[in-house]
Amino acid sequence: MTTADPTAAHDVTDLGLAAEGVRRIEWAEREMPVLRLIRERFERDRPLDGLRVGACLHVTTETANLMRTLKAGGAHVTLAASNPLSTQDDVAAALVAEYGIPTHARRGEDRDTYYTHLNSVADTHPQLTMDDGCDLVSLLHSARPDQVGEVLAGTEETTTGVIRLRAMAADGALRFPVIAVNEAQTKHLFDNRYGTGQSTLDGIIRATNILIAGRKVVVAGYGWVGRGIAARMAGHGAHVAVVEVDPVRALEALMDGFAVMTAGDAAGWGDLFITATGNINVFRREHFEAMSDGAIMANSGHFDAELDLAALRDLAEGHVREVRKNVQEFDIGGKRLNLVAEGRLAAVMDMSFANQALSAEYVARHHSELEPRVYVVPEAIDAEVARLKLAALGIELDAMTAEQAEYVASWRHGT
Ligand SMILES: NC(=O)c1ccc[n+]([C@@H]2O[C@H](COP(=O)([O-])OP(=O)(O)OC[C@H]3O[C@@H](n4cnc5c(N)ncnc54)[C@H](O)[C@@H]3O)[C@@H](O)[C@H]2O)c1
């Protein structure tokens, strides 16, 4: 069996970019105080000593700090990119050259390279998998079943991955336990809502340079991510309409002050469309045909399949050009529709990765007690992440008085 070796093979675009990567990773670290506190403890306690960790995550400055944390805990970590378009080549270079973490990621890599990279991680025979979208777990179960027995447990970062894992577990196909980091309150309440909400806005503004105020913005999906995007867009002065399939979420959107429409009605109304549903083909041919000239589309969900890009390409009959960096224009019979960043955007933050690091520690300690199914992050980890975050922000909380604690725990008190 191979043991991951920090000096082992890597595949990155240009190791010469490492110095810039280090600068940016250190900058990101300043915004990740919880993860830094965990890393300091990991350096002392080494809870992951000797554990082979295979990770498939967005290769960004934040992920680099998670990788450093796992390594500080004693793990041998190997990393591949979970999304070819979010890979930051300078970060990949820094991970290899400065932090000694075998990394397989090139920005814009094609599908074959993506799977070669994933297989390079699998070649290290991970005992712990760390996924963002379930691709490593899927690869091990489908193409390398003989290796599945070596995996003690996994963690999963995002909603879409958790949905896949639950489907695998329901089919009896999942063969090791996986902790759904996304289900931690300190992940989805904050990172999905505020982090992705902001990075979606930021990505769209950087790519297009448009003014949001006064624009008609359609947000498809009013989950954690969609709520964050809608609130941020409204804060910038946009008129926001929400498209939903869940009646409770639709009602929530309405009472939060947004219009609620069908995708069909929204297509003709809006001029900026953002998907965050985790579903496929939310906007498709009939919607593209109804959109007005100059409409902009972006996807914030995990996969770019939320927009039916095949239909869009088909409608454009080859009239596709890059009008700005990260913006493609599709000319569909004299009407121009714009697509931001090929339908992919992403960012993750401090508390998500604090949950990842503490979940890795948890499974290293408790894997023998776990069954092959999807687990939520233990409440104690959630509470610890929130406590560390507040401590890092210098905010103190009240504790209940003894009288109050007795009161809320008792059924004897009447009116
Ligand atoms: N880009 C990032 O950095 C990032 C970060 C976190 C999550 N995500 C991804 O964003 C997506 C949404 O995550 P979430 O946590 O908000 O999930 P969620 O389950 O809380 O919300 C999804 C919402 O979409 C709605 N929906 C489903 N199908 C729909 C359809 N056809 N039309 C309209 N609405 C529909 C659902 O009813 C639900 O309310 C997932 O793919 C997740 O993996 C991306």
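Trainee: Is Met-255 buried or exposed?

Mentor: Met-255 is exposed, with a relative accessible area of 68%. Exposed means over 50% relative accessible area, buried under 20%, and partly exposed in between (1.4 Å probe, protein chains only). Keep in mind that this is a predicted model, where local features need pLDDT of at least 70 and side-chain atom pairs count only at pLDDT 80 or more, while totals for chains, interfaces and linings use all residues. Residues are numbered from 1 along each chain as its sequence is written, and side-chain values use heavy atoms, leaving out hydrogens and water.

Trainee: Which residues form a nonpolar patch on the surface?

Mentor: Leu-251, Leu-254, Met-255 and Val-260 do, and together they have about 400 Å² of accessible area. Such areas come from the Shrake-Rupley method with a 1.4 Å probe, and for residues only the protein chains shown count as cover. A patch takes residues with over 30% relative accessible area and no salt bridge; nonpolar side chains (Val, Leu, Ile, Met, Phe, Trp, Tyr) are joined within 5 Å, like charges within 9 Å. Helix α11 (residues 247–255) gives the most, with three residues, and Met-255 lies in this helix.

Trainee: How many helices and strands are there in the protein chain?

Mentor: The chain has 17 helices and 16 strands. Both are DSSP runs numbered from the N terminus: helices are H or I with at least four residues, strands E with at least two.

Trainee: What is the order of the strands in the open sheet?

Mentor: Here is the general idea: strands of a sheet pair through backbone hydrogen bonds, either parallel or antiparallel. In this structure, eight strands run in the order β10-β9-β8-β11-β12-β15-β14-β13, with mixed pairing. At the edges, β10 (259–260) and β13 (320–324) each pair on one side only. Two strands count as paired if DSSP finds at least two bridges between them; β12 (residues 296–299) and β15 (residues 336–340) run parallel and are joined by two bridges.

Trainee: How many salt bridges does the structure hold?

Mentor: Side chains of opposite charge can pair when their charged atoms come close. There are 20 salt bridges here, each a side-chain nitrogen of Lys or Arg within 4 Å of a carboxyl oxygen of Asp or Glu. In one of them, Glu-361 meets Arg-41, with the closest N and O atoms 2.9 Å apart. Glu-361 lies in helix α15 (residues 350–366) and Arg-41 in helix α2 (residues 33–45), so the pair ties together parts 320 residues apart in sequence. Glu-361 counts as buried at 8% relative accessibility, whereas Arg-41 is partly exposed at 24%.
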